[in-house]
Amino acid sequence: MPTLTIDNQQVTVPDGTTVLEAAEQLGIVIPHFCYHKALGAVGACRMCAVTVVEGTFKGLKMSCLVKAEEGMVVTTDDQQSVEFRARVSEWLMLNHPHDCPVCDEGGECQLQEMTIASGHGLRRYTGKKRTYNNQQLGPFIAQEMNRCIQCYRCVRTYKDYCGGKDFGVMGSRNRVFFGRFKDGTLESDFSGNIVDACPTGVFTDKTYRFKSRYWDLQEAPSICPHCSLGCSTVPGGRYGELQRVRSSVNEKVNGFFICDRGRFGSSYVNHPERPRQATRGSWKLTVDEALQQLDVKARELINQHGPESVLLLGSNRASLETNWLLQRWAEEIGCRAPLLSAHLPRHQAAQVAAFDLADRLCSLEKVRQSDLVVAIGADPLAEAPMLGVALRQAVRSGGKVKVFDPRPVELPCDFEKQTVSPTELLDLLDGTSVESKQLVDLLRGAERPVLVAGGLMLGAGGMLRLKKIAAAASNDQRNCLVHPLLGGANSFGAALLSLPEQDDLLTRLESERIKMLVCVETDPLLEAPDNERFAKALSLLEELVVLDYLPTPLSVHANLFIPTTAPVESEGTFINNEGRQQLFAPVIKPRLPISVTGEGNHPPREFIDVAPGSDPIPSWQLFQQLLGEATDLPTLREKMKTAVPRLIDFETLQPGGVSCRVAHVDERCIYTDEIPAAPEESLQLVVTPARYGSDLLSRYSAKLQPRFTEACVQLHPQDAAARGLQDGAKVVLDTVEGPFNLTLKCNDKMAIGCALVENGPKFQQLVPGGKLSFCKVHAGMSHG
Amino acid sequence: MPLLRDIKGFFPPFWVTFRNMFRKPVTVQYPEQMPELPERYRARLVLTRDPDGEERCVACHLCSGACPVDCISMQAAEAEDGRRYASWFRINFARCIFCGLCTEACPTLAIQVTSDFEISKRDPLKLVYEKDDLLVDHCGHNDEYSFYRQAGIGVAAPRGTNPSESAPVDVKDLLP
């Protein structure tokens, strides 16, 4: 722990800390470009020069490369360093174009800031400026290479940190070029990070091109709602439109970066068909009227037909506050406890994570630091993309990654893959088989082992089996940690609030006792298994009430529709897959964007009190109104904390903070998994989420459309050959939920004896995370 | 003695009036007679064009950022040739204080002050000027500057052909 003096201030730092980082701890900002906390230093930009007065090597040094030493004396503001940095700044500007007014980075550009700070204003050099030809890098990233200052941050982010393969640095001397070998879409699922990493405007967000200036954006710390990881983000909006999302820092979760699904999947907020008006059929209502009708109807039905007649349905998209208030409203009107998920198997898997596994959960940070990660039934890039990047960090620091999965899993790092079918996965986890023992031995040999549990693939039963493996692999010195992947942003929160045993939504609906269904920010038609049966069951209802902010198909069927706000328009809490209770703050107010009201031209020339389309209010406020309470959010959260003691005290949390994990409990879930017998000549059905558009939020995001993939059924070539089918053939997939016409794709990286379909925008009928089921694939047209 | 003071105070105003009756009048008979304003007088703002006749404004938001009363709003858009322009641009002259900070901030010399101060209206909404009302057909104070010719990106001319630019580099070239 050396103690050094920087600008006459003493600081003690851990061994290996650089002078730049030590200065940061003192609040002294040394200008820099190439150094980045996640990427380290390469000493490419020469901007962070300081003078070492006392130390092994005296004189002008690059502070990002010099390690702190005991008794070192460093000055950052002496004449020599200041002049050197001013010259560096001047030479970095030699070739930089004069285009700040038309550059999207303007206003949040590190180069702009450093140039102004160093006092450089006039170009003294009269030679010609170097120019480049730009590349077309796809729908997300715009390139303007003339602006480049060769800090190498983009290539270190894209290639080294995120594991992209199609981007690099080319050329020699002052012709160094950062891009692809030839034009084309950047293939990595983390390409957007080079926008955040670039200290100037070489790479900018194409979907945000020329939309706003940084100083005009409304920004607030938020939580990414697209998967269960709960990465920290900062969405930005202006004129009622959510325009971009940039990554924020949470070292326990995402670190410094986010995936493209989170970054470019935010335009569901601006969906042109987004419902913003309370309606009963074709009648327009005010929100107050609609709430009144909801309350009256629910109480009336309960009086007439008993507490079973009204069913409330919460969701993993809704915040913790909303789900909790929904439960309280159910108590108030005297109906049965609400279901908090339309998809029971997913919900049960989340409950195992929230109760049984609670004392073994670990953050993404622990995954990054692990020396052995075994992913079981998990496809990180589809279910939780940033986990893929975390696995890469584990590998980069010497760890190993092993994956057991039936799908053709790809990862941005070296890993060992064992292709097993879903039933073999359960055998692997039963603790008695040879493979199972080998797995335990492997985990026992590691110092910091982490098991990644794919909740969708394993289900509650598989998760409970995995718990036993984790217990067997733990010893007195260290625990074998578990990092579960769940269905949605607040799956853990919904699981934590609900009782461990529940009936299926469908069985309850089909019992015909239910007269009224209230769906809060969920659409079982898209999110529940067996959605055809669900659609039929809807006709048995007397009243269907939907509260949502997406134009889902269910909202069309609704008798009463009440608009709510998207997460970026309200405050709330999500609990991520490892139980981290995270708050998000409102970014914009709900209203029709000016680009819509003005139809692309200037905004309407009229004076009005209320912005059009500003009816939606947060769903937790709706339920507060129904409960007749008008408390503010802190009071509500205090009450919730008292009622649910596992939660962290809300006063200690703040949006954008690191946050803490909820307390663990001794309660246990009791679930069993039965492996059904396979019918003759059948294949195991594996439904996997598509990388883009599997969650409803990204499905309704126009920006992500170029990434949506065509629907197909994938078979191992061996299985295809056994059925006399060829790649690209039109086939029929016969499942318990009905037959589907799909195109066949052969893939030799998947398990034999399985049929794989992706749930996404082009194929919505089968939903991932169901129980084990079997299907048949044959050629020809189906009758249905 | 208030009476004596009142009598004494009765005459001086008449004297002042009488004395000024024969002086040359200073009142300008506006609007019959137009005042001559200095060249750098700051009144109504306009959006000028560059020497090629293209809109100078690139909707960079610097004027609206500099505006102390927030009377400028705009939205940028991209033309097919990559040119950034204002899809709409609005100045609320009911709010404008004619400080001229926007013209100082403007990096493309697009927004300029004119000496036209006659912009009073009965309806405040008529003081909200849109881009069509603001755009003029001349270069304003400077008839030489064209931002896109200096910017260093290929909009006004292909990349590498603007003044003081070398031709685009061949990145696959390994010559020293």
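This is a predicted model: local features need pLDDT of at least 70, side-chain atom pairs count only at pLDDT 80 or more; totals for chains, interfaces and linings use all residues.
Chain A is divided by its domain assignment into domain 1 (3–92), domain 2 (347–489) and domain 3 (683–779). Between the C-alpha centres of domain 1 of chain A and domain 2 of chain A there is a distance of 41 Å.

When the whole structure is searched, 13 cavities of 30 Å³ or more are found, and the largest cavity has a volume of about 380 Å³. Its lining is made up of 30 residues, of which Arg346(A), Gly487(A), Gly488(A), Ser694(A) and Asp695(A) are the closest to the centre. Three helices of chain A, namely H11 (380–383), H18 (524–527) and H24 (696–699), are the elements that give two or more residues to this lining, and H24(A) gives the most, with 3 residues. Sorted by class, the lining of the largest cavity holds 13 nonpolar, 10 polar and 7 charged residues.

**The annotated cysteines of chain B**

An unreviewed UniProt entry lists Cys57(B), Cys60(B), Cys63(B) and Cys106(B) under "binding site". These residues are spread over 50 residues of sequence, yet they cluster in space, with a largest C-alpha distance of 10.4 Å.

| Residue | Relative accessible area |
|---|---|
| Cys57(B) | 11% |
| Cys63(B) | 9% |

Are Cys57(B) and Cys63(B) buried or exposed? Since buried means under 20% relative accessible area, Cys57(B) at 11% is buried, and Cys63(B) at 9% likewise counts as buried.

Cys57(B) is found in the loop that runs between strand E1 (45–47) and helix H3 (62–66) of chain B, whereas Cys63(B) has its place in helix H3 of chain B. Leaving aside residues up to four places away in sequence, Cys57(B) touches Leu47(B), Arg84(B), Tyr85(B), Ala86(B), Phe89(B), Thr108(B) and Ala110(B).

Notes
Residues are numbered from 1 along each chain as its sequence is written. Chains are lettered from A and ligands numbered from 1 in the order in which they are written. Side-chain values use heavy atoms; hydrogens and water are left out. Domain bounds come from an automatic or database domain assignment. On a 1 Å grid over the protein atoms alone, a cavity is a set of points where a 1.4 Å probe fits but cannot get out, and a pocket is an open set with protein on both sides within 12 Å along at least five of seven lines; lining residues have an atom within 4 Å of a point. Grid points are joined across faces, edges and corners, and a volume is the space filled by probe spheres set on the points. Helices (H or I, at least four residues) and strands (E, at least two) are DSSP runs, numbered from the N terminus. Ala, Val, Leu, Ile, Met, Phe, Trp, Tyr, Cys and Pro count as nonpolar, Asp, Glu, Lys and Arg as charged, and the others, Gly among them, as polar. UniProt positions are given in the numbering used here, feature names are shortened, and annotations may be inferred rather than shown by experiment. Buried means under 20% relative accessible area, exposed over 50%, partly exposed in between (1.4 Å probe, protein chains only). Contact means heavy atoms within 4.5 Å.
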